[in-house]
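The following exercises concern contacts between side chains and the exposure of the residues that form them. Please work through each task before reading its solution.

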Amino acid sequence: MRIIVGIARIFVGILFIISGLIKLNDPIGFSFKLQEYFSAAVLNLTFLEPYALLVAIFVVIFEVLLGVMIIIGYAKKFTLWSLLLMIVFFTFLTFYSAYFNKVTDCGCFGDAIKLTPWESFSKDVVLLILILILFFGAKYIQPFFTSFARSIIIFLTFIGCLGITYYVLEHLPIIDFRAYAIGKNIEEGMSTPEDAPKPVYEYIWKYDVNGETKTVTNQGADPGIDGELLGVETNQVQAGYIPPIHDFTIERDDEDFTAEFLQIENLIVVISYNLDISDKAGFAAIREITNEAIKNGYKVIGMSSSSQQVADKLAEDLNLSFKFYFCDETTLKTIVRSNPGILELQKGTITQKLHFNDALDLKLSPQKNAALNLNFEVKKRLDSIAISDQKYRMMMEPKTEEEKAQLLKEKGLTEEEYHAELWKLQSVIDSANMVYVERYFLEHGYPGKSVVGEPTNTAAWYVLQHSDKIATYFPLIKKAGEDGELPYNLVAMMEDRYLMEQKKPQIYGTQGRQEGSGKPFIWPIENPETVNQRRKEAGFNEDIEVYAKNLFGEDFEYKVVTMEEIKA
């Protein structure tokens, strides 16, 4: 019995120390798990949710201390009762989670070792047995060292735990066990290997055979029983491979940019899973380092689960020079244990990850498209203008007919009245935007890439494109394109529009028309036989035939139209 107790004592102590230290490495992650347990759907202890982090810190430090205490024999009675009560509680909790399928991962070993609910319960049952052995064999537990030495060891352990806790809360976990650790590729983490295990399903077929119900169970097709099929039930008997990364998306305005951003080099991502409860003071360092990153030619975006309206307002209030995109809150909590936090991606591979306290330690190097003299005051104003330029235009074109019908019903307007109302509102905004842009044109020239970076360098172009002053400022636009301050395909598009308004043939084929209820057409093109070559030189990625279909629909067939036909 003395040997059994000795082995159990060491095993339980080491397991508690390891389990506690793993969670102590990431107390915020453990607090998220406790919030899940405290939620209304599990234990319905919602009043404890605001204190989840404090509870997490207390539990993990106490867990480490108990592990050390049982090994060295400190305060034997208190230690044994504490171990017993703790394991009884956690055994109940893991059984409850497993039986009712409430929490899919107990968080016993953080993200280092993932256990299913039943595996967690089995582990706790083994620990319960070992602790009962210790409890009833207490007389065989002899202390190591002197009483004073044991007290010093416990005190130093406690101080060490507090030091680790402070460090990981003010920075990030010392060891990152998650799928978003530095060096991991997000796209690879979302993929499923070809040889990965597939889910296995069991099919229960029920037939009426001569008035009797016959049941056949298999894992394949209809067994073809001679009778009337009453129904079939499907049960999953074995789960398939689940990629370590899922629910990762980068969305804005109902568009998915995930694939695009995961192919970008030199991407800086600011993560804030919930902007309402984020550390606003932490954004000061974030703003400074992201401005520096933009100057050095990096692409910078934000990611949050907050609404786009909340995100845009915060970006404006805090003078941030980047836009926020939407992502699932749980995913963002997993990526970085800091709200906000910052990371660098190189084609989807995480190369740097920092707490906002360490944001200024982000390592940057000037890229070939660096613009070290950016004017962030102008950039902020133009970013705001770019949003307002599309505010009501986006509302004019709902995504679906159902959405359009709902909008018209809510407003109590016809489609024509709805558009007219929105145009009035947008026209006021367009006029105000043009006042600022025109004044900047006259005082400084075009606010191009070297002044405001990309894509902000297109904002003034859009404002001018939506005005009646193209003729006045097109030479400025053309020079900006020739100097590389503005994508030349935008110059080409504006030139085509200007020519069309002058009733002249366009050059690049970017402008189409539809008169009343007539058929749509591409406005006449000068030398149409060579238009695709000119389009390519201007930076367009599609020929005129494909572009026309994108403009007017897949059924549209591009045909050359002459000015004579237009005049006729």
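**Exercise 1. Determine which rings have an arginine over the face, and at what distance from the ring centre.**

Solution. Step 1: the criterion places a charge over a ring if NZ of Lys or CZ of Arg is within 6 Å of the ring centre and within 35 degrees of the ring normal. Step 2: Arg535 lies over the face of Phe540, at 4.6 Å from the ring centre. Step 3: Tyr436 has Arg381 over its face, and here the distance to the ring centre is 4.3 Å.

The model is predicted, so local features need pLDDT of at least 70 and side-chain atom pairs count only at pLDDT 80 or more, whereas totals for chains, interfaces and linings use all residues. Residues are numbered from 1 along each chain as its sequence is written, and side-chain values use heavy atoms, with hydrogens and water left out.

**Exercise 2. Describe the salt bridge of Lys549 with Glu557 and that of Asp483 with Lys479.**

Solution. Step 1: the closest N and O atoms of Lys549 and Glu557 are 3.2 Å apart. Lys549 is partly exposed at 21% relative accessibility, while Glu557 is exposed at 53%. Step 2: for Asp483 and Lys479 the N to O distance is 2.7 Å. Asp483 is partly exposed at 46%, and Lys479 is partly exposed at 49%. Step 3: a network of salt bridges also links Asp176, Arg178 and Lys353.

**Exercise 3. Classify the ring pair of Trp81 and Phe135, and locate its members.**

Solution. Step 1: rings of Phe, Tyr and Trp (its six-membered ring) pair if their centres lie within 6.5 Å; planes under 30 degrees apart count as stacked, over 60 as edge-to-face and the rest as tilted. The structure holds 25 aromatic pairs. Step 2: Trp81 and Phe135 are 5.0 Å apart, centre to centre, with 85° between the planes, an edge-to-face pair. Step 3: Trp81 belongs to helix 4 (residues 76-100) and Phe135 to helix 5 (residues 117-136), so the pair ties together parts 54 residues apart in sequence. Step 4: Trp81 is partly exposed at 41%, as is Phe135 at 22%.

**Exercise 4. Explain why the pair of Phe257 and Tyr325 is edge-to-face.**

Solution. Step 1: the ring centres of Phe257 and Tyr325 are 5.4 Å apart and the planes stand at 75°, so the pair is edge-to-face. Step 2: Phe257 is buried at 18% relative accessible area, and Tyr325 is buried at 6%.

Key: Salt bridge = Lys/Arg side-chain N within 4 Å of Asp/Glu carboxyl O. Buried < 20%, exposed > 50% of the residue type's maximum accessible area, 1.4 Å probe, protein only. Helix = DSSP H or I, 4+ residues; strand = E, 2+ residues; numbered from the N terminus.
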